[in-house]
Amino acid sequence: MATIVGIDEAGRGPVIGPIVICGVLIDEKDNERLLNIGVKDSKLLSPLKRERLIDGIQQIIKDFHCLIVQPLEIDAAVESDTINLNWLEAMKSAEIINVLKPETAIVDCPSPNTNAYASFLLERLANKKTKIVAEHKADANYPSVAAASIIAKVTRDAEIEKLKKHVGMDFGSGYPADERTVKFLKENWQKHPELFRKSWAPYKKLVQDSHPKQQKLSGFK
């Protein structure tokens, strides 16, 4: 029976905390079983429903592997001259595929160029015979990817809860559109710099605004 790994991430957009990338290994025949227990794109499920699905998913799948990518590594990719966030995600996805060793890997592709993304990914695989399927919105079309999206989201939510306990404050979702997150960022960007993605525009604006513009020296002799 053919083995499949579905890969998806959670947390690309927030200014706080990590991105979690997850791969789920299943036998192809078990796609239907995932659908039968209610597996779907994690964005369509409540946090409680995602939590409740975890046990059922783990009883069906053969294995899974998650990578937690911290803000420091995210910033390095975003500010790099040679890679970007999409390529970082591809490199992490390749790590997961190399661990789980499927015959086919289905990835929720963040890049507009799915062919280039698939080629970049394949170059980094130990087994070049692995079939790569890179599609937009794969979490809506493939149960294995949907299962990966659920595990990734639950894992990221747990990481965010750890950060909230660390700082002793509920800073919301971590997304820039969240008022609690915006308030926390403004008040704590210097106190807890390790939490934030410094390459994100809201953080960079705070840094810029904190430095008074130097007087121009033109006109002075």
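Q: What makes strand β4 (residues 104-108) and β5 a pair?
A: In this predicted model, β4 and β5 share five bridges. Pairing takes at least two bridges, so β4 and β5 count as paired. Their sense is parallel. One of the residues involved is D108, whose bridge partner in β5 is E135.

Q: Why are β3 (63-69) and β5 (131-135) called edge strands of the sheet?
A: The open sheet has five strands, in the order β3-β2-β1-β4-β5. β3 and β5 each have a single partner strand, so one side of each lacks a neighbour in the sheet. The pairing across the sheet is mixed. Neighbouring strands are turned by 15° against each other on average, direction ignored.

Q: Why are α2 and α7 called oblique to each other?
A: The axes of α2 (residues 47-60) and α7 (residues 143-167) cross at roughly 125°. Roughly perpendicular ends at 115 degrees, and roughly antiparallel starts over 145. The crossing angle falls between these limits, so the two helices are oblique. Their axes come within 10 Å, and α2 passes α7 in a left-handed crossing.

Q: How do you know which residues of α2 and α7 meet?
A: The criterion is heavy atoms within 4.5 Å. On the α2 side, R50, E51, L53, I54 and I57 take part. On the α7 side, A147, I150, I151, K153, V154 and D157 do. The residues of this contact comprise seven nonpolar, four charged and no polar.

Methods. Residues are numbered from 1 along each chain as its sequence is written. This is a predicted model: local features need pLDDT of at least 70, side-chain atom pairs count only at pLDDT 80 or more; totals for chains, interfaces and linings use all residues. Side-chain values use heavy atoms; hydrogens and water are left out. Axes are lines fitted to C-alpha atoms, for helices over the stretch in contact, and angles run from 0 to 180 degrees between N-to-C directions. Helices (H or I, at least four residues) and strands (E, at least two) are DSSP runs, numbered from the N terminus. Angles under 35 degrees count as roughly parallel, over 145 as roughly antiparallel, 65 to 115 as roughly perpendicular and the rest as oblique. A crossing is left-handed if the near helix is turned anticlockwise from the far one by less than a right angle, and right-handed if clockwise. Ala, Val, Leu, Ile, Met, Phe, Trp, Tyr, Cys and Pro count as nonpolar, Asp, Glu, Lys and Arg as charged, and the others, Gly among them, as polar.
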